[in-house]
Each structure stands twice: as structure tokens, then as C-alpha cells.
Amino acid sequence: MKKIILLLIGLTLSSQSYAQSVDYREKAAKLVAKMTLEEKASLCSGETAWSTKAIARLGIPSIFMTDGPHGLRKAEGFDFTNSVPATCFPTASALASSWNPALAQKMGEALAVESQANDVQILLGPGVNMKRSPLGGRNFEYFSEDPILAGTIATAYINGVQSQGVGTSMKHFAANSQETERMSNSSNVDERTLNEIYFPAFEMAVKNAQPWTVMCSYNRLNGVYASESPYLLNDVLKKQWGFKGFVVSDWGAVNERAAGVDAGLGLEMPASGGFNDKKIVDAVKKGTLSEARLNEIVIDVLAVTLKAKDSHKKGIVVDKIKHNELARQVSSECIVLLKNDNAILPLKSSLKKIAIVGDFGKNPRYQGAGSSQVRPTQILNALTELQKLAKGTQFSFSTGYNTAGETNDAQIAEAVQNAKNAELVIVFAGLPDSYESEGYDRNNLDMPAGHNKLIAEVAKANANIVVVLMNGAAVSMPWKNDVTAIVEAYLGGQAGGGAIADVLTGKVNPSGKLSETFPARLEDTPTAMDFPSRDGNAIYGEGVFIGYRYYDKKKIEPNFPFGYGLSYTTFDYSDITANTTSAKDSDEITIAVKVKNTGKVAGKEVVQLYVHEQESEVARPENELKHFEKVSLLPGEEKTVSFKLTSRDFAYYNTKSHDWVIKSGKFDVLVGSSSRNLPLKQTIDIQSTKPVKVVFTRESLFKEFKKAPNSVAIYAQIVQSFTGSTKKAETEDEKKAAAFFEAMLADMPINKFMLLSGGKFTEESLEAILKAVNQN
Ligand code: BGC
């Protein structure tokens, strides 16, 4: 009867809302109860490189999953050259620079439509790993060096894709920030750093978007493979954050399969020829893996499989032109204007002759290499698009360098001549394909020598030089002071050339902001000493100080800071207010600021809110991004932007209580246009209502007793037991001696007092003090 009702509902509802009405875990559990042990194990690995196994006798379907984050790459096996044509959107480092979650959501919806049209149930993305070093080979595929920015964009992207009945696979969980030795390397990260830096993007997206799957990474975390880490997959992902989908291995990330099942790994990909399925069966038979645990894991996989299949929409046709237009719109919001001396941009319509120099002007670099590589439906180049938009201007083109980035005297001479004959030069440069790829890291920040030389030489020939960069990650800029304007276009996808033309001509006012710091030199970077690690152990010694957190603390001037980006208009920040300046950690705090467009054209500004703790208990970054909002403003228009702050915005991760904790005290809330331009400040006094419960032990330090609830009495008791005197310090000399005593012994474990007090501080004294202090 229930089946008939559900069927009727299914006929009247769309596939998606039908899917929402079904309890797939219940359905999956019933099916699992009917399976043989071998059938259960079979569902724990793929059938092919991209699909799961079906079980015909139980009506269990196979689902198809494929990359990738910025476009569909559906191919036969591993031959990516023949993937289906699909819209190539800007890659993740570009998308994050839009600081626009609504746009990321729209892009996600479009990606899902293309997935539906190609019968793909799960799209393998987004990648939310932190950019620990600018040299990370896959930085173009990751959002940011900041977890809040990455988590916000990821959440919107996932919600966008999944709103159309297609699942996502948020990856690569966790601490996968280098490509070198990626399948074996151990990321050695302390607990606080994991929780404050490497986890939150995953955590935010799990809590706010519930990706259908999470992909575990290849690497080990503190010695344990992510694919068999109960800490990562079970304790953190499932128990702490409430993840409801299944974990899929990165392709080939499995180590010991049965240990993986026990830890919480649902699906092994790609197909492993059945030998790992057999290992699962053997482990259950031997009793080293419980069948109940296997059942739980299979239910995870099956529930998503059933939902995914039911959510498939038949007859979807992709409007390729519309998607190309969307890709262009997204890309234009990702472009970051880094320098614009003499307001040389937007290009004046009065310009008669512009020289376009550099192969990328005609043959754009628009995506990175590896599993995310899409076969685009078309490619727009900046030269052609500029010609369409600036009809009154003549454009002359010089290649400048070859595809490897090398140049020669003849190419330079031609470009220089071209530059001399023009009123303005636009040089297209950046990183060639081979410089950025999955599978290996960069070994320096430099663009090819040919690109740098071309810029330097044409800059001598013409005073009006605009450099447009196409690259997936930060580069050094030895010519920074010799050029008039710098436009960071990132890897803008197939329509990136059109987006560049839109921004250069002023059709679109640039509004991107850097989602990563552009350091001046490699030596300045937080991981300069040892990245990538090559000895099997990556020591995350910089701790929480990655990206701007490091440059700010060390007072290092980067080329361009995190959050930075110019506009063709100007914005003024004023009137910061708070609903309270003295609050309890349980209170919600509202901060409001006014932002005004003080220029002549409409524009969008990313209002950024950072928090600074005045006196912290542990080493904390100067300022940390907590909220941001992108606002559109007409010339002269002013808007009030409000942010709601909760306790998490002020807290740090405490390794004694294994939880987020606020130390009572003053916090500055800073608001502005980049991590290094925060003109507004509001100080808030926050009272913690959940102080960390400290258990005092024989090894607790003398100074720690000062923080005990009844510290004055306890402290006096300790001093008295040690000195054997009840006399209070009265004279100046006595006070000095007491202060010296305190300073000398501050860092001493309390049990050492027994050894150093000449027998006055006894075992009984210690017991009495611990009893008194732990009672509270
Ligand atoms: C990559 C993943 C990708 C998978 C499937 C792996 O090598 O690390 O990001 O989704 O291949 O193509």
C-alpha cells in the first residue's frame, strides 16, 4: 500500500520533490537487510572508473559521478581528451575572488543542469582545501587561504548544484595542501590548527549545505591515511558535524579497505577489480570487521544512490549560449583590478590605436590541468571581444612568446615596435599550462622569463602599459612598478576573454578581491622553509598563521594583500555601530556600517569584517575574517550593511577542552575593504559564560593556580605551605622578595615544590590544595 501511495506521489511530483519526500535511509536499511554479505561488500566499490555497482535482483541502480568543480568532464575511462563538450566556468581561485556566494550558487545550478543533461548523478567538487603555500599545484582548484571565504563560497556552490537534484563531492578531506607525494605524504597538523584553519570550510558546508558525498584525500593526517581515519571520517565529519551522506575515496586513496569501512569510508573509487570487496568479506568472516558496521556504511552509500537516481530529470537540454553568457558574467565578477594609475582603465573610447601583446590575448589560458580539465563548448579570446566592444579603436596584435612561455629577439622586437606605434599597450601574460597542474607543485612564484621580459621591454617603449594576467595562483611581479595597470583575470573559464574585454572597456566595473595574498617574494611566505615537504612528512609548523594571518603577524608587506581589489569608483566607510558594547558570549551581536559610492559610476564593494582579540591566551592572528557582504551601489548611493556575530566569531579552539572557547575580554571588530584597509573599529567587551573547566593535577604549573576559581585563597595556601610562614609581605623589601619568588616559581609544576621547599611542602599539602581547587 505504502509503495502504491509513494508511486502515485511520484507521478504527480517532480523527480526532485518526490526524492525529498522519501526516507532513503529507511529504504536503504530494508534493502541491506535482504543482501548477502558479498552483495553488501560489492556496494563498497565502483563498477567502472566513474560508476557504482547495480544489484539487479534488488532493483538497486548504478549511479554515475564525474569531475569536476568548474565544468562537467564526462569521459570514457580515463581518456579525458574525449569528454563531452561542457561549459567551462572560472576555476575556484577565480570564483572565490568574486566574494559573491549568490553567483557561486547560480554557477552551481548551471553545472547541475549540464550534469542532469548528461545523466551524471554526482559532480566531483568543490575543492575546499586551504592554500597553505602559493606554490600548491592545485591552488587554481581551491578557493582561498581563508576558511570562512572558502566555506561560504563552497556552501553556496553545493546548495546550487544540489538544488537541481545532483549531488556534490566536497573534497579533499583533509589537510591536502600539496601535490608532491600526495598519495603517501603525512600532513602533520596540530589539533588547534586543524580546527581553526583546515576544517572550518568543510564544517560550514556540511552544516549548511549537506553535500551528498565528501571525498577523503589521498594523504595521511598525522600518520593515518584519511581513507581509514576514524577521527576524520567518523568522529569529526559524522558525529561532530552531522554529515549525512557517504564518504567516497579519492581515486586510488584506499589503503586497507576493511579498516576504511570501520573508519567510515563508504565507497572506494575507481573500481578495484573486486579484490578489496573480498577483503571486506574476509574481515567480516574473520570477525575483525563487524557486519553491523558494514551495514551502516552500505546504508550511507545506498541512501544517496537511491536519492540520486530518483532525482534524475529526463529530457534536459543545455542552453549552451546561455551558459556561456553566465560563464562570462561570473568571470567578469572574479577579475581583480590590482593597479590602475592615472585611471588608465577603463579604456577611453577616444583611443585610436591599442597594441595587444602576448599570445594569451588570442589563445587564452582559461583552466588548469588534471582531472578538472573540461572540453569547452567555445572559447572567447580577449582580442576578438575587445574588437567587438571598442569599435572606434584599432587593435594590432603581437604574439610575444610561444606556448611554453619562451620568447626570442624577433618576437620582442616586433612587440616593441607594435607598442611604439600605439597609444596604449595591453600585455597578456601569466602562467602557461605546464606550470599549474594536479599532480605536482610549482617550485617558484615566477612567471616564465619570456613573459617577464616581454613586459619589461614593452614598458620601455610605451608609458601606458596595462598587464592582464591569466594564472590560477599568485605570481611574483618584478615589473610591478614599471606598468600603469594590472588586471588579475585568473583562469576565467571559456568566456574569460569576453569578461576581460567587459572589464577593460568599463562595460563591467571590476569588483573582485583577492582571495589569497600575493606575496612579494617566495622567501616571505609562511612555508618558505619547507614546501612542499619531500620526506613523507609535511610539518605544518606555521600553525594557524597561514596566508594573511602570517604576513600581518610578521608585518611583511605583500605585493597585494588578501581581500584587496580596486574599482572604477570609490567607496567610503562610516558610522560603525553595535547593538551592544558589553555582551555575554551567548548574545548575538549586530554590527552595522555605512558604505557609500563616492565616485561617478555604479559599482560593487565587498565589505569585510575582521575580529581582533586584544589580549589572547594563545598566539592568535592579528585579524581574522569572520563575515563579508558584496553590495551594489549606484553613484552617490549609501547603504547600511549589518552583520550578526555569534560566539564562534570570537572564540579560539582550546586543546584542553577540545572545544571552541572565549576568553573574557575585549575584542575589536574591524570593517573595511581589504585585510590591510580596515578604517572602522568597534570594541566589544565579551564575558564568557562557559569558562574552560580546568582539572588541576600534580603537574599543574604554579601560575595556573592563579586562574583557579578561588585563586586568592589557594595561592596563599600554596605560598604558605612552601615557605612555612603565614606572614604577609609588608615592607618594600618583603614585597620585592615575594614578587621574585612568584616570578621564579611561576612555571614550575606544583609537585616540584615538594623537592624544593626543604620538606615544608609535603604530600599532604599537595593533596589538600588539589582537593580544594578541584572542588570548584
Ligand atoms: C583527484 C580528484 C578527482 C578524482 C577523479 C583524483 O586524482 O584528486 O580531485 O575528483 O581524481 O577524477
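Trainee: How far is a polar side-chain atom of Y218 from an oxygen atom of the ligand?
Mentor: 2.9 Å. A polar contact here is a pair of N or O atoms within 3.5 Å; within protein, one must be able to donate a hydrogen and the other to accept it, and residues adjacent in sequence count only if both atoms are side-chain atoms. Keep in mind that this is a predicted model: local features need pLDDT of at least 70, side-chain atom pairs count only at pLDDT 80 or more, and totals for chains, interfaces and linings use all residues. Residues are numbered from 1 along each chain as its sequence is written, and side-chain values use heavy atoms, with hydrogens and water left out.

Trainee: What about K171 and E438?
Mentor: K171 has a polar side-chain atom 2.9 Å from a ligand oxygen. For E438, an N or O atom of the side chain is 2.8 Å from an oxygen atom of the ligand.

Trainee: How much of the ligand does the protein bury?
Mentor: 95% of the 310 Å² that the ligand exposes when taken alone. Those areas come from the Shrake-Rupley method with a 1.4 Å probe; for residues, only the protein chains shown count as cover.

Trainee: How many residues surround the ligand?
Mentor: 13, with D67, R138, H172, D250 and E438 the closest.

Trainee: Switching to the backbone. Which peptide bond at D67 is cis?
Mentor: The one from D67 to G68, with omega near 5°. G68 sits in the loop between β1 (65-66) and α5 (92-97). Helices (H or I, at least four residues) and strands (E, at least two) are DSSP runs, numbered from the N terminus. G125 and P126 are also joined by a cis bond, omega about 5°. P126 is in the loop between β2 (122-123) and α7 (147-162).

Trainee: Last one. What is the mean pLDDT of the protein chain?
Mentor: 95, and 98% of the residues reach 70 or more. pLDDT is the predictor's confidence in each residue, from 0 to 100. Over residues 6-12 pLDDT stays under 50.

Definitions and conventions:
Near = heavy atom within 4 Å. Contact = heavy atoms within 4.5 Å.
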